[in-house]
Every structure is written in C-alpha cells, then in structure tokens.
Amino acid sequence: MSENSPALQVRMLGDFSIAYHGQTLPMKKSLATKAMTVLQMLLYRGEQGMAREALIDALFCDESNVDPLNNLKVTVSNLRRILAKAGLPPEMTVRAKNKRYYFTAPEPVWLDVAAFDQWNAKAAAATDEEEKLAYLLQANKLYAGDFLPHLEGEDWATVVAADYRQRYFECVKQLAVLLQQREQWEELFNIATRAAALHHLEEWQCLRIDCLMKLGKYQEAKEVYDQTVRELEAEFGAKPSDALTQRFHQLSRAGHVSYETVHELTGQLQEGEPARGAYYCSYPSFIDVYRTYSRMMERTGQSGYLLLYWLTDPHGQLLANSRKATLAASKLKTAISGSLRRGDVFTQFGRDRFLVILAGTNRENCELVDKRIMDKYKQDPVWGVSFRHTLQAMTSSDPDLSSNCIWQPVTPPPEM
C-alpha cells in the first residue's frame, strides 16, 4: 500500500473485508452477527450515521424483545470489542451522539462503493471520450460482485445490491459502446467475460460472442454459444433468447470464411475426441438434427422414434425441489448416454426433460433401449424423483407408449 493510501480500506462489493495499513483484519468468524451488521450499515452510511430507531427496526423488528434499546446497546458494545480485538486503534470505533450512531475515524475511510460512485459520476460529467473511458474502466475494475452478498436476505442490503448491480450493468454497456467504436475487441471481450462470470446474463454472453467473431475466433464463439445454451437449460429451464439465436445464425453464416478447402472444413466439423455413447447436443441443434432425420426417413423409408423422459414427483406432477431435479437430471443423463448407440442423439430440454432420437430401428428395439436406460438409472436413483417416459414414431403424431407410463422407486434408499 502506498504512503498516500487511506489507512482503513473497506470493500463491500462481492465480499466484505476491512484492511488496516494493508493488513486484512480477521473478522470472518463474526460476519453473521448483529454486531457486524451494525458495522456494515454504519460504514456504508458514512458521515450520515444512522438513527437509533432505524438500527432497532433493522436488527430487532422480527423479535419480541421487551427492551430492544438495551439489546442495541449490548450489540454496539460487542462491536466495539470486536473492532479492538481485530487490531483497530481506539479512535476507530462506534460512537453515539444525539440518538444517532456513527463509525468514527481520525482520517477518511476508503470505501469501494463510494469510489465506484465517484468514478461513475466523473464519467457522467466527462466531455472528453478518452477521459470518460478511463473513468468507466476504473469503475468497472472496482465492481467485484453483489453488494454484501452474505446479507442478501436483508431488505436494506437487497435494495442497495440491486442498485449497484444496475449501475454496473450500465457501466459495462457504456464501455461496450466506446470500445466498439475503437475496435478494441480483446479488451471488450475481457470485460464481457468478467461480467458474465459475475452475473449469468445472456446479454454478456452475446457480447462475448460478438467480440470473438470480430476477432475471427469462430470456433471459440461457437463454444461460448453452446455453453450458454447448456447453462440456460440446466439452471433455468429456458430456451435461448432471440438475441442469442441470432448469434447462432451469424456463426452458421460466417464460420466457414476461415477455411479455404473442404479438407480444412471437414477437420473442423469432426469431433476432436471420439466419445463413447450417444451424441449429446444443445436443444436448438437437436431441432435441426430431428428435422434432418425426418427428411432422410421420408427418402429412405427407414423408421425412427422420439423418446421423452420427464422428471416428476412420485405423483407424476412437476418436480418442485430444484436440488433433487438437478441431481436426478445428471444421473438420468449418464444413464441415457451409456445406454444408446454412438449414432443416437439426445438433449436436455429445460431443467427436467430429455429427448432422444432413435434412428433406423423398430418399436421393439426402442422398448429394449428404454428398459436399459431405466435399469441403469435404477442402479443409483434419487429418492423422491420419478419420471414419465413416452415413445413416439418420428413420422406419427400418436404416442406408442401411454403418457401415463411413470417409473418411480418402490423402496426408500438404505439408511446411511
């Protein structure tokens, strides 16, 4: 830390930490206490401090205490001991004046949220684009994640976190405009990648794809697209947005320009490492495969079937437990992959559904495949999770198996 740096530095974006003369204070064990909540509120409010009644409402509104004022005094007393034990000098503490509480220090305290505000304010007032860019880059660097994420259940912290998150998004958008004008694609890609890591939004993934396409890195852009689609399906059960689908079409149109011969293109199209089991692809790619297979079957006269698996609760209803759904989906995916031929194709559609294409086979063989999948899953099922399984010919609209066909565990798992 330089000689001109503030002695006390506080970070609230992405985590909470206090450093005194460059040394981080040991406060993690006290983080969940009411005393530390008081400290974080007072540090955030700065010179304004907080009224005694506001602190009482924030700390004890859900408790039936006969003497909340005394409880506040005890909490503040505990906080003073924590600060002293952590190594702060006596003048850096919490004081009360005129029914308000303040964190006091003999010199200014550096606060990352205050610095973030200042850089954004300078960017808004700047008339020179170079200065504006420099200020926005400083603000972007300071934002390390949500405001006090461990307090996400507290109303006041949730509101503040949403405000800073939105201001960070606006900062990234302004940087995108300025860096696109300068064609600084590498720097913009790094900023978008960091934003996508902090907040999983399609908007930042689209920006990453745009940068990679501008840099001519089409294969990397396709990998970003595929990963984004998988995350959307696994985490949110959502389909790609129009904006993301548009990038897919842009990649489809533009990706070939980097290859001059059919041999080079074929090498790019083939799988790098031949994998065992069925071919897994994203849902948009699965749609293309299904339509291609359907046309081939019209020409060759071969048969093909579509197999649907849908995770449910034991009554065949929507599975509400997201943790169980994620675990069961992973196990079912493994069972499907290990039960099919290399020429078969499957995908995960949403959080709880899988679709399988069984090409060039008959109904009896499909039922055998279905049984293999169920047997594999039964070896290590998730208790409390059932699934529907439906078989349908690709050239027919009538299902061959009843949609009421539900498998579920018959006995609970053994006691651990």
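The chain has 14 helices and 13 strands. Helices (H or I, at least four residues) and strands (E, at least two) are DSSP runs, numbered from the N terminus. This is a predicted model, in which local features need pLDDT of at least 70 and side-chain atom pairs count only at pLDDT 80 or more, while totals for chains, interfaces and linings use all residues. Residues are numbered from 1 along each chain as its sequence is written, and side-chain values use heavy atoms, with hydrogens and water left out.

**Exercise 1.** Describe how helix α4 packs on helix α6.

*Solution.* 
- Step 1: find the helices. α4 covers residues 112-125 and α6 covers residues 155-181.
- Step 2: take the geometry. The angle is about 40° and the axes lie 12 Å apart. Axes are lines fitted to C-alpha atoms, for helices over the stretch in contact, and angles run from 0 to 180 degrees between N-to-C directions.
- Step 3: classify. The angle makes α4 oblique to α6. Angles under 35 degrees count as roughly parallel, over 145 as roughly antiparallel, 65 to 115 as roughly perpendicular and the rest as oblique.
- Step 4: list the contact (heavy atoms within 4.5 Å). α4 gives Val-113, Phe-116, Asp-117 and Asn-120. α6 gives Tyr-164, Arg-167, Tyr-168 and Cys-171.

**Exercise 2.** Give the strand order of the open four-stranded sheet and find its edges.

*Solution.* 
- Step 1: write the order. It is β3-β2-β1-β7, with mixed pairing. Two strands pair if DSSP finds at least two bridges between them.
- Step 2: look at the ends. β3 (23-24) and β7 (110-111) each have a single partner strand, so one side of each has no neighbour in the sheet.
- Step 3: check one pair. β1 (residues 8-11) and β2 (residues 17-20) run antiparallel, joined by four bridges. Leu-8 stands opposite Tyr-20 in β2.

**Exercise 3.** Which side chains of strand β6 are buried, and which strands pair with β6?

*Solution.* 
- Step 1: sort the faces of β6 (residues 100-104). Tyr-101 and Phe-103 point to one face and are buried. Buried means under 20% relative accessible area (1.4 Å probe, protein chains only).
- Step 2: find the partners. β4 (residues 50-51) pairs with β6 in the antiparallel sense over two bridges. Here Ala-51 stands opposite Arg-100. β5 (residues 93-97) also runs antiparallel to β6, with five bridges. Arg-95 stands opposite Tyr-102.
- Step 3: inspect the turn. The hairpin of β5 and β6 has two residues between the strands, and Asn-98 takes a positive phi near 50°.

Notes. Buried < 20%, exposed > 50% of the residue type's maximum accessible area, 1.4 Å probe, protein only.
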